[in-house]
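Subject: Structure handover

Dear colleague,

I am passing on the structure we spoke about, and below it you will find my notes. Please read them with the model open beside you.

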Amino acid sequence: MFNTIILSGNLVNDMQSNTKDGKLYAYNKIGVYNGKDKSGNQRDSMFFDIIVFGRDAEMLCNQAQKGTPVTVIGRLEEDRTEKDGRVYINKRIICTNATVNEKRQNNNEAADPWA
């Protein structure tokens with residue numbers, strides 16, 4: 001079984017880019033709408049770090065900014081960091097594909113990527 005994840009969400013910040021060994025990569029965090037529970041209460045959104053490479057990184061840096069809806073496909077990884085005796089676990093997506101989505105608004109509500 002392969003570790004593949006597809007997420008649609010909004011960029012939390014403007015894209016940040018860097019170059020390593022002559023190769024462009026970009027990183028950010030996306031907020032993913034988590035729907036409502038059975039009682040109709042809104043669930044908290046989920047946040048994931050994303051790392052994008054090559055042409056997709058260049059495209060996101062040129063076309064996307066804070067709040068832009070995107071879809072990413074990639075591999076889910078877990079980053080563990082220990083600080084002051086506490087272990088912090090951060091989920092991140094190493095993207096194999098990233099696209100900018102069209103913004104959709106219905107009745108002044110937050111855009112639902114699954115609508």
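How many bridges join strand β4 to strand β6, and do these strands run parallel or antiparallel? Strand β4 (residues 46–53) and strand β6 (residues 86–100) run parallel, and 3 bridges join them; within this pairing, I50 has I93 of β6 standing opposite. Please keep in mind throughout that this is a predicted model.

Strand β6 is also paired with β5, and here the two strands run antiparallel, with 14 bridges between them. One of the positions in this pairing is G74, whose bridge partner in β6 is C95. The two strands form a hairpin with 2 residues between them, and in the turn D84 has a positive phi of about 55°.

A second hairpin is made by β2 and β3, again with 2 residues between the strands, and there D21 takes a positive phi near 55°. The strands concerned, β2 (residues 16–20) and β3 (residues 23–32), run antiparallel and are joined by 5 bridges.

The structure holds 2 aromatic pairs. In the pair of Y25 and Y27, the ring centres are 6.2 Å apart and the planes stand at 35°, so this pair counts as tilted. The pair of Y25 and F53 is likewise described as tilted, with 6.3 Å from centre to centre and 40° between the planes. This pair links distant parts of the chain, since Y25 lies in strand β3 and F53 in strand β4, 28 residues apart. Taken together, Y25, Y27 and F53 form one aromatic cluster. As for accessibility, Y27 counts as partly exposed because its relative accessibility is 35%, and F53, at 42% relative accessibility, counts as partly exposed too.

If its neighbours within four places in sequence are left aside, T68 is in contact with G9, N10, L11 and V100.

Methods:
Residues are numbered from 1 along each chain as its sequence is written. This is a predicted model: local features need pLDDT of at least 70, side-chain atom pairs count only at pLDDT 80 or more; totals for chains, interfaces and linings use all residues. Side-chain values use heavy atoms; hydrogens and water are left out. Contact means heavy atoms within 4.5 Å. Two strands pair if DSSP finds at least two bridges between them. Helices (H or I, at least four residues) and strands (E, at least two) are DSSP runs, numbered from the N terminus. Rings of Phe, Tyr and Trp (its six-membered ring) pair if their centres lie within 6.5 Å; planes under 30 degrees apart count as stacked, over 60 as edge-to-face and the rest as tilted. Buried means under 20% relative accessible area, exposed over 50%, partly exposed in between (1.4 Å probe, protein chains only).
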